[in-house]
Amino acid sequence: MEKMNVSNAYTDNSLYWMRKKNGVNYQLTGGFRGELSSVKQENRYSANRYMFYAAPRMEWEKNNFLLTASATAQWSRFPTQSYSRFYINPSLFFRYKFTPRWKIYLSGNIDKTEGALNDIYPSMYQADYRTTILNSGIVPQSTRQLYSMYLEYKNTIKEFFWTASMAYSHTRRNLITERNYTDGIFQLSSNKQNNASRNYTLNSVLSKGVYDWNLKTSLELTLSRNEGKQLNEGLIQDYRYDYLRAEPKIVWAPSSLFEAEYKAIISCGSSKIGEDTRLDPLWDVSQRLTLSFGFHDTDLRLSGEHFYNDLSKTQHLNTWLADASLVHKAGKWRFTASVMNLFNKKQYSYTLYSAVQSYTSWVKLRPREFLVSAQYQW
(Lines give C-alpha, C1' and ligand atoms only; values in the text may rest on other atoms or scores of the structure.)
Protein backbone atom coordinates (compact mmCIF):
# COMPACT_ATOMS: atom_id res chain seq x y z
CA MET A 1 0.00 0.00 0.00
CA GLU A 2 1.28 3.45 -0.91
CA LYS A 3 -0.72 6.57 -0.14
CA MET A 4 -0.28 9.70 -2.24
CA ASN A 5 -2.52 12.76 -2.00
CA VAL A 6 -2.62 14.64 -5.31
CA SER A 7 -4.44 17.94 -5.80
CA ASN A 8 -4.93 19.96 -8.94
CA ALA A 9 -6.71 23.15 -9.98
CA TYR A 10 -6.75 24.52 -13.52
CA THR A 11 -8.00 27.64 -15.28
CA ASP A 12 -7.93 28.84 -18.87
CA ASN A 13 -9.11 32.33 -19.85
CA SER A 14 -8.97 33.60 -23.43
CA LEU A 15 -10.18 36.22 -25.88
CA TYR A 16 -11.09 35.34 -29.46
CA TRP A 17 -11.27 37.52 -32.60
CA MET A 18 -12.26 36.51 -36.13
CA ARG A 19 -12.62 38.27 -39.47
CA LYS A 20 -13.42 36.96 -42.93
CA LYS A 21 -12.21 38.91 -45.97
CA ASN A 22 -11.93 37.92 -49.65
CA GLY A 23 -12.64 34.26 -48.83
CA VAL A 24 -9.92 34.12 -46.15
CA ASN A 25 -10.80 33.56 -42.51
CA TYR A 26 -8.46 35.28 -40.00
CA GLN A 27 -8.53 34.30 -36.33
CA LEU A 28 -6.62 35.30 -33.23
CA THR A 29 -6.82 33.72 -29.78
CA GLY A 30 -4.93 34.98 -26.74
CA GLY A 31 -5.14 34.23 -23.07
CA PHE A 32 -3.77 32.93 -19.79
CA ARG A 33 -3.57 29.41 -18.34
CA GLY A 34 -2.80 28.58 -14.75
CA GLU A 35 -2.40 25.28 -12.91
CA LEU A 36 -1.90 24.49 -9.23
CA SER A 37 -0.55 20.94 -8.82
CA SER A 38 0.86 19.31 -5.71
CA VAL A 39 1.41 15.86 -4.25
CA LYS A 40 1.92 14.79 -0.64
CA GLN A 41 3.60 11.51 0.15
CA GLU A 42 5.81 12.18 3.17
CA ASN A 43 6.42 15.82 2.29
CA ARG A 44 4.43 18.11 0.02
CA TYR A 45 5.83 18.91 -3.42
CA SER A 46 4.30 21.35 -5.91
CA ALA A 47 4.73 21.91 -9.64
CA ASN A 48 2.55 24.97 -10.19
CA ARG A 49 2.78 26.72 -13.53
CA TYR A 50 1.23 29.52 -15.51
CA MET A 51 1.48 30.56 -19.13
CA PHE A 52 0.51 33.36 -21.50
CA TYR A 53 -0.24 32.50 -25.12
CA ALA A 54 -1.30 33.98 -28.46
CA ALA A 55 -2.43 31.91 -31.44
CA PRO A 56 -3.00 33.55 -34.85
CA ARG A 57 -4.66 31.36 -37.51
CA MET A 58 -5.46 31.77 -41.19
CA GLU A 59 -7.86 29.60 -43.20
CA TRP A 60 -8.35 29.84 -46.96
CA GLU A 61 -10.90 27.54 -48.59
CA LYS A 62 -12.14 27.28 -52.15
CA ASN A 63 -13.99 24.64 -54.12
CA ASN A 64 -11.15 22.15 -54.42
CA PHE A 65 -8.67 23.05 -51.72
CA LEU A 66 -8.22 24.15 -48.12
CA LEU A 67 -5.11 25.82 -46.69
CA THR A 68 -4.70 26.43 -42.96
CA ALA A 69 -1.70 28.04 -41.28
CA SER A 70 -1.32 28.80 -37.58
CA ALA A 71 1.28 29.47 -34.92
CA THR A 72 1.00 29.41 -31.14
CA ALA A 73 3.41 31.63 -29.21
CA GLN A 74 3.61 30.73 -25.52
CA TRP A 75 5.59 31.68 -22.42
CA SER A 76 5.54 29.17 -19.55
CA ARG A 77 6.75 29.52 -15.99
CA PHE A 78 7.27 26.99 -13.13
CA PRO A 79 8.01 29.23 -10.08
CA THR A 80 9.07 26.44 -7.69
CA GLN A 81 11.48 24.95 -10.22
CA SER A 82 12.76 28.41 -11.34
CA TYR A 83 11.98 27.42 -14.91
CA SER A 84 10.84 29.66 -17.79
CA ARG A 85 10.49 28.96 -21.49
CA PHE A 86 9.26 30.84 -24.56
CA TYR A 87 8.50 29.01 -27.77
CA ILE A 88 6.46 29.11 -30.99
CA ASN A 89 4.60 26.12 -32.41
CA PRO A 90 3.85 26.56 -36.15
CA SER A 91 1.40 24.36 -38.04
CA LEU A 92 0.43 23.98 -41.72
CA PHE A 93 -2.37 21.93 -43.31
CA PHE A 94 -3.29 21.58 -47.01
CA ARG A 95 -6.11 19.59 -48.62
CA TYR A 96 -6.70 19.29 -52.36
CA LYS A 97 -9.51 17.49 -54.18
CA PHE A 98 -8.33 16.29 -57.61
CA THR A 99 -11.65 14.69 -58.61
CA PRO A 100 -14.82 13.73 -56.74
CA ARG A 101 -13.04 10.45 -55.90
CA TRP A 102 -9.45 11.51 -55.19
CA LYS A 103 -8.22 13.70 -52.30
CA ILE A 104 -4.82 14.44 -50.81
CA TYR A 105 -3.93 15.89 -47.41
CA LEU A 106 -0.54 17.35 -46.41
CA SER A 107 0.35 18.57 -42.93
CA GLY A 108 3.33 19.59 -40.86
CA ASN A 109 3.79 21.03 -37.40
CA ILE A 110 6.31 21.63 -34.64
CA ASP A 111 5.12 20.98 -31.08
CA LYS A 112 7.17 22.04 -28.06
CA THR A 113 5.93 20.93 -24.64
CA GLU A 114 6.97 20.53 -21.01
CA GLY A 115 6.21 17.82 -18.50
CA ALA A 116 3.63 18.00 -15.71
CA LEU A 117 3.66 17.08 -12.00
CA ASN A 118 4.02 13.32 -12.48
CA ASP A 119 7.03 13.93 -14.78
CA ILE A 120 8.81 16.25 -12.33
CA TYR A 121 8.04 14.86 -8.84
CA PRO A 122 11.54 13.86 -7.60
CA SER A 123 10.65 11.19 -4.98
CA MET A 124 10.29 7.53 -5.89
CA TYR A 125 6.74 6.23 -6.21
CA GLN A 126 5.08 3.07 -7.48
CA ALA A 127 3.10 3.51 -10.71
CA ASP A 128 1.64 -0.02 -10.52
CA TYR A 129 2.38 -3.32 -8.82
CA ARG A 130 5.54 -3.94 -10.87
CA THR A 131 6.80 -0.47 -11.89
CA THR A 132 8.54 2.24 -9.84
CA ILE A 133 9.23 5.77 -11.06
CA LEU A 134 12.06 8.09 -10.01
CA ASN A 135 12.23 11.50 -11.69
CA SER A 136 15.23 13.79 -11.61
CA GLY A 137 13.21 16.88 -10.58
CA ILE A 138 14.16 18.61 -13.84
CA VAL A 139 11.31 19.90 -15.99
CA PRO A 140 11.18 17.66 -19.10
CA GLN A 141 11.32 19.44 -22.46
CA SER A 142 10.43 17.94 -25.83
CA THR A 143 10.34 19.28 -29.36
CA ARG A 144 8.45 17.17 -31.88
CA GLN A 145 8.34 17.68 -35.64
CA LEU A 146 5.58 15.80 -37.44
CA TYR A 147 5.04 15.62 -41.21
CA SER A 148 2.36 13.51 -42.89
CA MET A 149 0.67 12.82 -46.22
CA TYR A 150 -2.72 11.17 -46.66
CA LEU A 151 -4.24 9.95 -49.94
CA GLU A 152 -7.90 8.93 -50.29
CA TYR A 153 -9.93 7.25 -53.02
CA LYS A 154 -13.70 6.61 -52.84
CA ASN A 155 -15.92 4.88 -55.34
CA THR A 156 -19.31 4.73 -53.66
CA ILE A 157 -21.11 3.06 -56.56
CA LYS A 158 -18.71 0.09 -56.55
CA GLU A 159 -18.37 0.22 -52.73
CA PHE A 160 -14.61 0.46 -53.03
CA PHE A 161 -12.52 2.64 -50.70
CA TRP A 162 -8.75 2.99 -50.33
CA THR A 163 -6.58 5.22 -48.17
CA ALA A 164 -2.82 5.43 -47.74
CA SER A 165 -0.85 7.58 -45.34
CA MET A 166 2.80 8.24 -44.57
CA ALA A 167 4.10 10.00 -41.48
CA TYR A 168 7.50 10.99 -40.13
CA SER A 169 8.22 12.41 -36.70
CA HIS A 170 11.41 13.56 -35.00
CA THR A 171 11.47 14.27 -31.27
CA ARG A 172 14.22 15.87 -29.20
CA ARG A 173 14.24 15.63 -25.39
CA ASN A 174 16.42 16.93 -22.58
CA LEU A 175 15.90 13.82 -20.39
CA ILE A 176 16.42 10.12 -21.01
CA THR A 177 14.79 7.25 -19.10
CA GLU A 178 16.91 4.47 -17.65
CA ARG A 179 15.19 1.09 -17.38
CA ASN A 180 16.30 -1.57 -14.90
CA TYR A 181 14.65 -4.84 -13.89
CA THR A 182 15.27 -6.19 -10.38
CA ASP A 183 13.35 -8.85 -8.43
CA GLY A 184 10.34 -8.66 -10.73
CA ILE A 185 10.12 -4.85 -10.56
CA PHE A 186 10.77 -2.42 -13.42
CA GLN A 187 12.62 0.66 -12.20
CA LEU A 188 12.31 3.73 -14.45
CA SER A 189 14.46 6.74 -13.66
CA SER A 190 15.00 9.95 -15.65
CA ASN A 191 18.45 11.41 -16.25
CA LYS A 192 19.60 14.66 -17.80
CA GLN A 193 20.83 13.76 -21.26
CA ASN A 194 19.89 15.28 -24.61
CA ASN A 195 18.58 12.64 -27.00
CA ALA A 196 16.40 12.22 -30.06
CA SER A 197 14.05 9.63 -31.54
CA ARG A 198 12.51 9.13 -34.98
CA ASN A 199 9.40 7.35 -36.19
CA TYR A 200 8.36 6.28 -39.70
CA THR A 201 4.84 4.97 -40.28
CA LEU A 202 3.04 3.61 -43.35
CA ASN A 203 -0.67 2.82 -43.15
CA SER A 204 -3.18 1.65 -45.73
CA VAL A 205 -6.87 0.70 -45.50
CA LEU A 206 -8.65 -1.21 -48.28
CA SER A 207 -12.42 -1.69 -48.10
CA LYS A 208 -14.75 -3.46 -50.54
CA GLY A 209 -18.45 -4.14 -50.29
CA VAL A 210 -20.75 -6.29 -52.41
CA TYR A 211 -24.31 -5.00 -52.17
CA ASP A 212 -25.98 -8.03 -53.79
CA TRP A 213 -24.36 -10.35 -51.23
CA ASN A 214 -24.76 -7.93 -48.30
CA LEU A 215 -21.02 -8.37 -47.75
CA LYS A 216 -18.47 -5.91 -46.36
CA THR A 217 -14.74 -6.57 -46.20
CA SER A 218 -11.76 -4.47 -45.14
CA LEU A 219 -8.04 -4.84 -44.55
CA GLU A 220 -5.79 -2.41 -42.69
CA LEU A 221 -2.01 -2.68 -42.84
CA THR A 222 0.46 -0.73 -40.68
CA LEU A 223 4.25 -0.77 -40.85
CA SER A 224 6.34 1.38 -38.53
CA ARG A 225 9.94 1.86 -37.43
CA ASN A 226 11.12 3.61 -34.27
CA GLU A 227 14.72 4.68 -33.72
CA GLY A 228 16.14 6.24 -30.60
CA LYS A 229 18.45 5.88 -27.62
CA GLN A 230 18.10 3.98 -24.35
CA LEU A 231 20.02 4.19 -21.08
CA ASN A 232 20.76 0.92 -19.29
CA GLU A 233 23.16 0.62 -16.33
CA GLY A 234 24.82 3.88 -17.29
CA LEU A 235 25.36 2.86 -20.92
CA ILE A 236 23.58 4.74 -23.73
CA GLN A 237 22.71 2.55 -26.69
CA ASP A 238 20.92 3.07 -29.98
CA TYR A 239 17.84 0.97 -30.63
CA ARG A 240 15.56 0.24 -33.56
CA TYR A 241 12.07 -1.27 -33.32
CA ASP A 242 10.13 -2.52 -36.37
CA TYR A 243 6.42 -3.31 -36.11
CA LEU A 244 3.94 -4.90 -38.53
CA ARG A 245 0.17 -5.06 -37.96
CA ALA A 246 -2.67 -6.40 -40.12
CA GLU A 247 -6.41 -6.14 -39.35
CA PRO A 248 -8.78 -8.06 -41.68
CA LYS A 249 -12.55 -7.78 -41.13
CA ILE A 250 -15.55 -9.44 -42.80
CA VAL A 251 -19.26 -8.84 -42.18
CA TRP A 252 -21.72 -11.03 -44.09
CA ALA A 253 -25.51 -11.04 -43.76
CA PRO A 254 -26.93 -13.27 -46.54
CA SER A 255 -30.46 -13.03 -45.08
CA SER A 256 -32.39 -11.38 -42.29
CA LEU A 257 -32.07 -14.65 -40.32
CA PHE A 258 -28.28 -14.89 -40.22
CA GLU A 259 -25.23 -12.65 -39.87
CA ALA A 260 -21.55 -13.52 -39.46
CA GLU A 261 -18.74 -11.19 -38.44
CA TYR A 262 -15.03 -12.02 -38.36
CA LYS A 263 -12.23 -9.76 -37.18
CA ALA A 264 -8.55 -10.45 -36.56
CA ILE A 265 -5.44 -8.56 -35.46
CA ILE A 266 -2.07 -9.98 -36.49
CA SER A 267 1.09 -8.23 -35.34
CA CYS A 268 4.81 -8.83 -35.05
CA GLY A 269 7.63 -6.78 -33.54
CA SER A 270 11.39 -6.98 -33.88
CA SER A 271 14.10 -4.99 -32.07
CA LYS A 272 17.80 -4.28 -32.44
CA ILE A 273 19.73 -2.77 -29.50
CA GLY A 274 23.26 -1.50 -30.02
CA GLU A 275 25.34 -3.38 -32.56
CA ASP A 276 24.97 -6.96 -31.35
CA THR A 277 21.71 -7.42 -29.38
CA ARG A 278 18.49 -8.44 -31.08
CA LEU A 279 15.20 -9.33 -29.39
CA ASP A 280 13.44 -12.31 -30.92
CA PRO A 281 10.52 -11.42 -33.22
CA LEU A 282 7.25 -12.28 -31.46
CA TRP A 283 3.92 -12.85 -33.18
CA ASP A 284 0.63 -11.89 -31.59
CA VAL A 285 -2.67 -13.02 -33.12
CA SER A 286 -6.21 -12.43 -31.88
CA GLN A 287 -9.32 -13.31 -33.86
CA ARG A 288 -13.03 -13.23 -33.12
CA LEU A 289 -15.98 -14.86 -34.90
CA THR A 290 -19.57 -13.91 -34.09
CA LEU A 291 -22.62 -15.73 -35.49
CA SER A 292 -26.12 -14.29 -35.06
CA PHE A 293 -29.34 -16.19 -35.84
CA GLY A 294 -32.83 -14.72 -35.78
CA PHE A 295 -36.08 -16.73 -35.75
CA HIS A 296 -39.12 -14.47 -35.47
CA ASP A 297 -39.05 -13.44 -31.78
CA THR A 298 -35.94 -15.46 -30.84
CA ASP A 299 -32.28 -14.45 -31.33
CA LEU A 300 -29.28 -16.72 -30.86
CA ARG A 301 -25.77 -15.31 -30.68
CA LEU A 302 -22.55 -17.34 -30.61
CA SER A 303 -19.09 -15.81 -30.33
CA GLY A 304 -15.65 -17.35 -30.15
CA GLU A 305 -12.19 -15.87 -29.69
CA HIS A 306 -8.76 -17.31 -30.37
CA PHE A 307 -5.52 -15.83 -29.03
CA TYR A 308 -2.07 -16.92 -30.17
CA ASN A 309 1.00 -15.44 -28.47
CA ASP A 310 4.68 -16.06 -28.85
CA LEU A 311 5.86 -16.06 -25.24
CA SER A 312 9.45 -16.52 -26.42
CA LYS A 313 11.32 -17.79 -29.44
CA THR A 314 10.55 -21.41 -28.53
CA GLN A 315 7.29 -21.10 -26.56
CA HIS A 316 3.84 -20.09 -27.70
CA LEU A 317 0.34 -20.25 -26.30
CA ASN A 318 -3.11 -20.83 -27.81
CA THR A 319 -6.21 -19.75 -25.89
CA TRP A 320 -9.82 -20.35 -26.94
CA LEU A 321 -12.79 -18.50 -25.44
CA ALA A 322 -16.48 -18.74 -26.27
CA ASP A 323 -19.80 -17.14 -25.22
CA ALA A 324 -23.41 -17.88 -26.13
CA SER A 325 -26.70 -16.07 -25.55
CA LEU A 326 -30.37 -16.72 -26.32
CA VAL A 327 -33.04 -13.98 -26.27
CA HIS A 328 -36.78 -14.59 -26.65
CA LYS A 329 -39.42 -11.85 -26.80
CA ALA A 330 -43.08 -12.54 -26.01
CA GLY A 331 -45.24 -9.44 -25.96
CA LYS A 332 -43.91 -7.20 -23.22
CA TRP A 333 -41.75 -9.99 -21.82
CA ARG A 334 -38.07 -10.51 -22.64
CA PHE A 335 -36.31 -13.73 -21.55
CA THR A 336 -32.52 -14.09 -21.72
CA ALA A 337 -30.22 -17.07 -21.13
CA SER A 338 -26.46 -16.80 -21.59
CA VAL A 339 -23.23 -18.57 -20.78
CA MET A 340 -19.85 -16.81 -20.63
CA ASN A 341 -16.44 -18.47 -20.83
CA LEU A 342 -17.98 -21.67 -22.16
CA PHE A 343 -14.65 -23.57 -22.09
CA ASN A 344 -14.01 -22.49 -18.48
CA LYS A 345 -10.56 -21.01 -19.06
CA LYS A 346 -8.94 -19.84 -15.81
CA GLN A 347 -5.92 -17.83 -17.01
CA TYR A 348 -4.66 -16.06 -20.10
CA SER A 349 -0.93 -15.41 -20.55
CA TYR A 350 0.62 -12.95 -22.96
CA THR A 351 3.92 -11.23 -23.77
CA LEU A 352 4.22 -7.46 -24.02
CA TYR A 353 6.85 -6.22 -26.42
CA SER A 354 8.28 -2.73 -26.66
CA ALA A 355 11.30 -1.29 -28.42
CA VAL A 356 13.80 -2.30 -25.74
CA GLN A 357 12.20 -5.04 -23.65
CA SER A 358 9.68 -7.86 -23.53
CA TYR A 359 8.07 -9.53 -20.55
CA THR A 360 5.35 -12.09 -19.99
CA SER A 361 2.34 -11.44 -17.78
CA TRP A 362 -1.10 -12.98 -17.27
CA VAL A 363 -4.74 -12.21 -16.61
CA LYS A 364 -6.98 -14.19 -14.24
CA LEU A 365 -10.28 -15.01 -15.96
CA ARG A 366 -13.72 -15.42 -14.43
CA PRO A 367 -14.82 -19.10 -14.52
CA ARG A 368 -17.76 -20.35 -16.57
CA GLU A 369 -20.82 -18.25 -15.76
CA PHE A 370 -24.52 -18.84 -16.44
CA LEU A 371 -27.11 -16.07 -16.42
CA VAL A 372 -30.89 -16.27 -16.77
CA SER A 373 -33.10 -13.18 -16.65
CA ALA A 374 -36.67 -12.07 -17.30
CA GLN A 375 -37.81 -8.52 -18.02
CA TYR A 376 -41.28 -7.03 -18.30
CA GLN A 377 -41.94 -3.61 -19.82
CA TRP A 378 -45.15 -1.67 -19.36
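This is a predicted model: local features need pLDDT of at least 70, side-chain atom pairs count only at pLDDT 80 or more; totals for chains, interfaces and linings use all residues.
Q: How many bridges join strand β17 to strand β18?
A: Strand β17 covers residues 298-310 and strand β18 covers residues 316-330. The two strands run antiparallel and form a hairpin with 5 residues between them. The number of bridges that join them is 13.

Q: Which residue in β18 is the bridge partner of S303?
A: The antiparallel strands β17 and β18 are joined by bridges. For S303, the bridge partner in β18 is D323.

Q: Which residue takes a positive phi in the hairpin of β18 and β19?
A: β18 pairs with strand β19 (residues 333-340) in the antiparallel sense over 7 bridges. The hairpin has 2 residues between the strands. The residue with a positive phi, near 65°, is G331.

Q: Is the aromatic pair of F65 and F94 stacked, tilted or edge-to-face?
A: A search of the whole structure finds 24 aromatic pairs. In the pair of F65 and F94, the ring centres are 6.3 Å apart and the planes are at 35°. Planes under 30 degrees apart count as stacked and those over 60 as edge-to-face, so an angle between these limits counts as tilted. The pair of F65 and F94 is tilted.

Q: How many residues apart in sequence are the parts that F65 and F94 tie together?
A: F65 lies in strand β5 (residues 65-78), while F94 lies in strand β6 (residues 83-97). The pair therefore ties together parts whose separation in sequence is 29 residues.

Q: Is F94 buried, partly exposed or exposed?
A: Buried means under 20% relative accessible area, and exposed means over 50%. F65, with 16%, is buried. F94 has 29% relative accessibility, so F94 counts as partly exposed.

Q: What is the angle between the planes of F78 and Y83?
A: F78 counts as buried at 0% relative accessibility, and Y83 is buried at 10%. Their rings form an edge-to-face pair, 5.7 Å centre to centre. The angle between the planes is 65°.

Q: Which residue has its charged end over the ring of Y53?
A: The charged end in question is 4.1 Å from the centre of the Y53 ring. It belongs to R33.

Q: What is the accessible area of the nonpolar patch that includes W283?
A: W283 is placed in strand β16 (residues 277-295) and counts as partly exposed at 40% relative accessibility. The patch on the surface is formed by M166, L202, L223, L244, I266 and W283. Together they have an accessible area of about 520 Å².

Technical notes. Residues are numbered from 1 along each chain as its sequence is written. Side-chain values use heavy atoms; hydrogens and water are left out. Two strands pair if DSSP finds at least two bridges between them. Helices (H or I, at least four residues) and strands (E, at least two) are DSSP runs, numbered from the N terminus. Patches are made of residues with over 30% relative accessible area and no salt bridge: like charges are joined within 9 Å, nonpolar side chains (Val, Leu, Ile, Met, Phe, Trp, Tyr) within 5 Å. Accessible areas come from the Shrake-Rupley method with a 1.4 Å probe; for residues, only the protein chains shown count as cover. A salt bridge is a side-chain nitrogen of Lys or Arg within 4 Å of a carboxyl oxygen of Asp or Glu. Buried means under 20% relative accessible area, exposed over 50%, partly exposed in between (1.4 Å probe, protein chains only). Rings of Phe, Tyr and Trp (its six-membered ring) pair if their centres lie within 6.5 Å; planes under 30 degrees apart count as stacked, over 60 as edge-to-face and the rest as tilted. A charge sits over a ring if NZ of Lys or CZ of Arg is within 6 Å of the ring centre and within 35 degrees of the ring normal.
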